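Here is a friendly briefing on a protein chain, written for someone meeting it for the first time. Take a look at the sequence and the structure, then read on.

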Amino acid sequence: MIVRGSVTVPGDKSLTHRLLLLAGLAPGRSRLRGALTSLDARATAAVLRALGVVLSPLRAGREVQIVGRRRFRRPAATLDCRNSGTTARLGLGLLAAHPFSSRVTGDASLRRRPMRRVTEPLSRMGARFEPGDADQLPLLVRGGALGPLTWELPVSSAQIKGCLLFAGLAAGRPVSLREPSGRSRDHTERLLRSFGYSVVEDPRGWIHFEPTGALVPFDLEVPGDPSSAAFLTGAALLAESGTLRIQAVGVNPTRTGFLRVLERMGARIVVEPAGERSGEPVGDIVVEPGPLTSTEVAPNEIPGLIDEIPLLAVLASRAEGVTRFREVGELRVKESDRLGLLASNLRAVGANAAVEGEVLVVEGGTRPPVGRVRTEADHRLAMAFAVLGTVRGARVTVDNMACAAVSFPGFAGVLKGIGAHRRRGRR
Ligand code: S3P
C-alpha cells in the first residue's frame, strides 16, 4: 500500500463523554462542535435524555446542543449504557449524588465488566447499591447526600478517577485520590479546573479536588481522538511508501504514550503543534512508513496507552525482535478479554504471541498474515487486525467490522481511503 494525503479522525471519545455529562449539569444551553457521534457517545446522550437533559441528535459534522439542568430528573426507566464503560462508570458517579434510585445496565459485554472498583468508593461516600455485593451491572443506585472521600485506586484508571471526581463535583464534596502506577488520562482534571474547581496534585501523587467552582454552559470544539488516529498511524507505518497527515488530533501527553513507544521502535512520526481545543493540546501527526524494531513497554507506561495495545501488538508482529508489554492484566476486563484474544488472534494469522502471566509477548515476523480473526465485537481488536490486513500479501478476515462504529464510525472507508495499492507488474 502507498499512503497519501491528509485525513481527520472523529472527535475524542473520552472528551465527548465528559463534555456531554458536564453540559447535562450546566444549567443553560451548551454547544459542542466536533463531538464524537459513535455508538458509545450515543449511549451517553441516551442516558442524559432519560435524566431530563435535552440534546440535539448526534450527527457527524453537526454541532450538538445540550440544554443542561442543575440536577438530573429521576429516570422513568432503566438507564442502558450499551457497550460503554465510560458512560456507566462516570454516570454512576453522578447518579450517586442524586436523591433518587436508578437502575443501570448495559449490553452483554458491559455486564461482564467490573463495577465494584467504583461502587466501593461511592458507598464509602454514602451511596447505596443493590445488590450490595455485586461487581457487575445491572445495579440499582440509591443516591443522595454524599460525604468527602480519600481513596487509593486499585488500578490506574481514568474511569474510576473520573467517576469519583464527578461524584465530588455533583455532591459538592472534596475528593482526594491516588493512582498506583502511571498516570491515566487527565481530561477530567483539566475540565474541572476550567470551571474554577481546584484540582491539585501533591508531590506524593495524591490528586485533591475541592468544590470551589461552578458549572456554566460552554461552547467548545472537541479534538480528534488520538486512539482513533493510532490505527491510521499504524496503517501508514506498515505501508510501502508515501506520507500520511492526520489533522487536529488531541495530543495530551497522558494519551500519546503510543507515539513514544513507536518512536522507540524506530517509527518516523512528527507531531506538528496546531493549537488547543477544549483545553487540550492539538497537533497534526505526520507519518512515514518504515521498518520497526521490538521494544519493552514498562508497567508505568500502560495507563498512557491502554487503548492502543491492540494496535501496538499487531505492529510488534511486524517488527524485528520480541516485544513485551508488561503488566497488562487490565486488558482482560476491557470490552472483551483483550489480552487473551490479542494473543490467540495473532497466532490465528500466523504470528508468534503468548500471554505469560501479566505479560503479552509478541514476536515479529515478515510472512504475510493470513487467517481469521475473532473479535467478540471488540471495536479496537477489529480495527487493529484490519490494519494488519493492509500488509502486502495479507489475507486477514475480521469476523465483525461493524463494531468499529463503537468509537470510529466509517473506519473501514477511511482506512481504504488513505491507501492506494500498487498494481501487479506496474512498479
Ligand atoms: C477511558 C478510560 C480507559 C479507556 C477507555 C476510556 C475514559 O479505561 O480504556 O476506553 O474515558 O476514562 P480505564 O480507565 O478503565 O482504563
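Pro138 sits in the loop between β8 and β9, where helices (H or I, at least four residues) and strands (E, at least two) are DSSP runs, numbered from the N terminus. This is a predicted model, in which local features need pLDDT of at least 70, side-chain atom pairs count only at pLDDT 80 or more, and totals for chains, interfaces and linings use all residues. Residues are numbered from 1 along each chain as its sequence is written, and side-chain values use heavy atoms, with hydrogens and water left out.

**Peptide bonds and backbone angles**

- Most peptide bonds are trans, and most residues other than glycine have a negative phi.
- The bond joining Leu137 and Pro138 is cis, with omega about 0°.
- Pro131 is also found in the loop between β8 (128-130) and β9 (139-142), and the peptide bond from Glu130 to Pro131 is cis, with omega near -5°.
- Ser278 is not a glycine, yet it has a positive phi of about 50°; its place is the loop between β17 (268-277) and β18 (280-288).
- Glu376 has a positive phi of about 50° too, although it is not a glycine, and it lies in the loop between β23 (370-373) and α11 (379-388).
- Is each of these residues buried or exposed? Ser278 is buried, with a relative accessible area of 11%, while Glu376 is partly exposed, at 39%. Here buried means under 20% relative accessible area, exposed over 50%, and partly exposed in between (1.4 Å probe, protein chains only).

**The chain as a whole**

- The protein chain contains 12 helices and 25 strands.
- Its radius of gyration is 21 Å, close to the 22 Å that the globule rule gives for 427 residues, so the chain is as compact as a globular protein of that length. The radius is taken over C-alpha atoms, and the rule is 2.2 Å times the number of residues to the power 0.38.
- Along its principal axes, the C-alpha trace spans about 70 × 45 × 45 Å.
- Buried residues make up 57% of the 427 residues.
- Among contacts (heavy atoms within 4.5 Å) with a separation of 6 or more, 74% are between residues 24 or more positions apart.

**Two nonpolar cores**

- A nonpolar core is a set of buried Ala, Val, Leu, Ile, Met, Phe, Trp, Tyr and Cys residues joined through side-chain atoms within 4.5 Å.
- Which members of the largest core touch the most other members? Out of its 70 residues, they are Leu232, Phe325, Leu360, Phe385 and Phe411.
- Another core, of 68 residues, lies apart from it, with Leu36, Ala45, Val53 and Met125 among its members.
- Not counting residues up to four places away in sequence, Leu360 touches residues including Ile309, Phe325, Val328, Leu339 and Leu342.

**A closer look at Val53**

- Val53 is found in the loop between α2 (39-50) and β4 (54-55).
- Val53 is buried, with a relative accessible area of 3%.
- Leaving aside neighbours within four places in sequence, Val53 is in contact with Gly24, Leu48, Ile66, Val67, Gly68, Arg69 and Phe72.
- How far is Val53 from Leu292, 239 residues apart along the chain? Their C-alpha atoms are separated by 48 Å.
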